[in-house]
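Student: I've just got this one open. Can we go through it bit by bit?

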Amino acid sequence: MKAMSEKVLFQNYHPDRPATFEEYCRSGGYVALSEVVKNRSPKELRQSVAESGLRGRGGAGYPAGRKWNAIREQSPFPRYILPNLDEMEPGTFKDRVLVNTDPHMVIEGTILAGFAVSAQKAVFFIRPSYELEAKLIEKELEVARKAGFLGKNILGSDFSFEIVVHRSGGRYICGEASAQVNAVEGKRAHPDKTAHMAENGLWEKPTIVNNVETLACVPHILRRGGAWFKSLARTKAGAGAKLYCVSGKVKRPGCYELPMGTPLSEIIEEQAGGLLPGSDFKAFLPGGASTALMPGKFFHIQMDFDSFTEVGHRLGTGAIVVFDHKTCLVAASLNLIEYFARESCGFCTPCREGLPFIKDILWRIENGEGKETFIPMLRDMANYMSHAYCAFAPGAASPLEGLLKYFEEEIREHISQRKCPFKEG
Amino acid sequence: MINERAWAKGLHWVNNHMIPEGLRKELEARIKQADHPRECAVDVMYTVQKHYGYLSDEAVQEVASLLGMTPLEVDELATFYDFIYREPVGKFVIHLCDGVVCWMFGEESLMNYLCRKLGVKVGERSADGLFTVLPTACIGYCDYAPAMLVNGIPYGPLTPEKIDEILDQLRIEEPEPVIDR
């Protein structure tokens with residue numbers, strides 16, 4: 001066990017303000033970019049990132065190197081990077097904290113991603129709740145431009161790259177890559193499964209959508225090597241440092257940088273200060289609202305992608321939401337399903353019709369109108385969600401699947417007592 | 001003021017309440033700078049919304065003509081997004097987060113408190129024209145739950161007392177909205 005883990009993404013953390021451009025440069029910022037544009041080829045850069053084992057931090061965990069390598073040498077131009085700062089997964093706020101900690105780390109990572117796939121332009125996709133962050137990025141982009149890290153012939157090389165900010169109107173589905181492309185193009189943000197991002201993404205051109213935390217890892221990988229990055233993790237299969245969010249019934253909710261694979265118990269007890277006084281640990285969501293509700297028996301699980309796959313679940317964004325013994329999980333699931341039913345883009349039937357149906361059943365159970373037959377019905381409906389057009393509906397069903405798998409007894413109590421056992425009276 | 005020619009054609013929603021020339025020029029310049037006019041759709045909606053207070057039917061028409069889109073295409077976007085208001089809203093739009101973490105910390109009772117305090121139902125404008133309360137998808141401030149945005153500015157963790165303070169301050173200071181540029 002490492003006593004004190006090295007801070008990478010939060011190396012310039014100040015509780016009250018973002019690191020300045022100068023501070024970022026003093027800590028080794030823009031060294032990677034300066035070196036890369038002069039001495040390295042895009043292919044070498046892609047290889048380094050592939051070797052580092054970096055996996056996407058937006059929730060899906062897709063290997064970043066593989067995503068970049070999907071753009072072929074002969075693919076058309078212009079090519080685009082979409083740094084994803086939509087972060088609408090409930091419980092998740094790491095990208096907001098990251099951008100407010102070191103905006104230039106994200107900016108340098110974006111430019112490097114652009115170099116890696118020979119792209120010409122990046123479009124920062126930012127949700128309206130993060131207007132303060134949008135303004136911060138716009139301001140810091142100017143600083144980077146003045147320093148010669150953006151624009152035509154960066155640092156005298158033949159690599160030219162631009163970054164602009166796109167403000168979203170605010171809708172969860174915009175986090176999905178193809179929906180995000182539609183959103184930027186000024187179309188209704190429905191997912192489009194016929195689009196292959198590496199071929200026909202934004203404006204029908206090759207496009208890479210990367211979470212901003214993923215991008216922020218890139219300068220470090222290039223400066224210090226893929227093997228170093230991989231060794232940061234606590235697990236063999238894991239790689240790098242990870243930003244974990246903790247919220248819910250804990251003493252110190254917040255965003256903590258720790259080695260990938262840090263056990264959940266350590267994050268909750270040592271970082272977040274344990275549970276609130278009078279609260280006992282009951283359940284958690286490991287990575288936002290579209291992951292499973294999981295019980296106390298997973299309290300010591302290592303928080304990396306593979307550990308969760310092994311037990312049939314997903315790490316998601318690594319945004320831990322903690323529920324205590326006084327919180328009704330049927331009501332919590334109802335809240336989560338209400339969220340997804342409202343955010344559904346409405347394009348396909350399983351999602352548009354199925355989620356409100358599940359919501360109705362859960363509402364009845366929570367309000368004392370539940371029947372024994374509702375349980376298999378919920379199970380069927382959760383399974384049907386896999387027939388939806390995109391990953392939204394299966395994600396939406398995840399907390400419910402956890403509820404059915406691990407907390408069926410709590411549902412039964414609602415049904416047999418004809419009321420919510422957590423409510424007074 | 002109704003535009004008589006438009007009225008005669010049955011286009012009674014087109015009136016003389018046009019956006020000012022300066023703003024129009026500014027928007028046209030911004031659109032011209034973009035690689036594709038449509039990518040400015042949300043930006044233009046925000047700006048025009050700020051001018052009218054909300055995105056009225058006339059505003060949808062204006063946005064459409066600026067972007068070379070049909071009003072229907074613009075409305076398809078306007079009705080899709082949480083932060084585009086197709087009905088009149090107060091000067092301060094309160095987006096109270098109803099994500100699961102804020103819910104855990106009593107968002108429902110805060111929503112009732114806000115509505116009672118302002119004498120409104122969800123989505124209505126308060127009698128003084130200052131406030132509208134909207135439930136909103138997780139705003140990404142779970143570490144400050146329960147939280148809300150007022151014209152883009154985050155507040156949290158909230159209690160009824162803090163809400164009183166914030167409302168009183170808004171009534172006095174009336175800061176400029178930050179969500180629109």
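Student: Which residue in β3(A) is the bridge partner of Phe125(A)?

Tutor: His166(A) is the bridge partner of Phe125(A). This is a predicted model: local features need pLDDT of at least 70, side-chain atom pairs count only at pLDDT 80 or more, and totals for chains, interfaces and linings use all residues. Residues are numbered from 1 along each chain as its sequence is written, with chains lettered from A and ligands numbered from 1 in the order in which they are written.

Student: How many bridges join β2(A) to β3(A)?

Tutor: Six, and β2(A) and β3 (residues 162-167) of chain A run parallel. Two strands pair if DSSP finds at least two bridges between them. Strands (E, at least two residues) and helices (H or I, at least four) are DSSP runs, numbered from the N terminus.

Student: And β1 with β2(A), parallel or antiparallel?

Tutor: Parallel, with four bridges between β1 (residues 80-85) of chain A and β2(A). There, Ile81(A) has Ala122(A) as its bridge partner in β2(A).

Student: Is β2 of chain A mostly covered or uncovered?

Tutor: Covered. β2(A), residues 121-126, has five of its six residues buried. A residue is buried if 20 or more other C-beta atoms lie within 10 Å of its own, exposed if 12 or fewer, and partly exposed in between; C-beta atoms are placed from the backbone.

Student: New topic. What is the strand order in the five-strand sheet of chain A?

Tutor: The order is β6-β5-β9-β7-β8 in chain A. The sheet is open, with mixed pairing. Its edge strands are β6 and β8 of chain A, each pairing on one side only.

Student: How do β7(A) and β9(A) run, parallel or antiparallel?

Tutor: Antiparallel, with four bridges between β7(A) and β9(A). Leu285(A) has Val321(A) as its bridge partner in β9(A).

Student: What domains does chain A have?

Tutor: Domain 1 (21-231), domain 2 (241-324) and domain 3 (329-417) of chain A. The bounds come from an automatic or database domain assignment.

Student: How far apart are the centres of domains 2 and 3 of chain A?

Tutor: Their C-alpha centres lie 22 Å apart. The contact takes ten residues from domain 2 of chain A and 14 residues from domain 3 of chain A. Two residues are in contact if their C-beta atoms, placed from the backbone, lie within 7 Å.

Student: What kinds of residue does domain 2 of chain A bring to that contact?

Tutor: Eight nonpolar, two polar and no charged. Ala, Val, Leu, Ile, Met, Phe, Trp, Tyr, Cys and Pro count as nonpolar, Asp, Glu, Lys and Arg as charged, and the others, Gly among them, as polar.

Student: Where is Cys328(A)?

Tutor: Cys328(A) is in the loop between β9 (319-324) and α14 of chain A. It is partly exposed, with 18 other C-beta atoms within 10 Å. Beyond neighbours within four places in sequence, Cys328(A) is in contact with Cys420(A) and Phe422(A). Cys328(A) and Phe422(A) are 94 residues apart in sequence, but 6.0 Å apart in space, C-alpha to C-alpha.

Student: Why is α14(A) called largely enclosed?

Tutor: Because 13 of the 15 residues of α14(A) are buried.

Student: What ipTM does the complex get?

Tutor: The predictor gives an ipTM of 0.95, and a pTM of 0.94.

Student: And where is confidence lowest in chain B?

Tutor: In helix α1 (residues 4-8) of chain B, at a mean pLDDT of 45. pLDDT is the predictor's confidence in each residue, from 0 to 100. Helix α6 (residues 100-104) of chain B is highest, at 97. Chain B averages 88, and 86% of its residues score at least 70. Over residues 1-16 of chain B, pLDDT stays under 50. Where pLDDT is low, the predicted coordinates should not be read in detail.

Student: How many helices and strands are in chain B?

Tutor: Eight helices and four strands. Chain B is divided into domain 1 (4-78) and domain 2 (92-173). The C-alpha centres of those domains of chain B are 30 Å apart.
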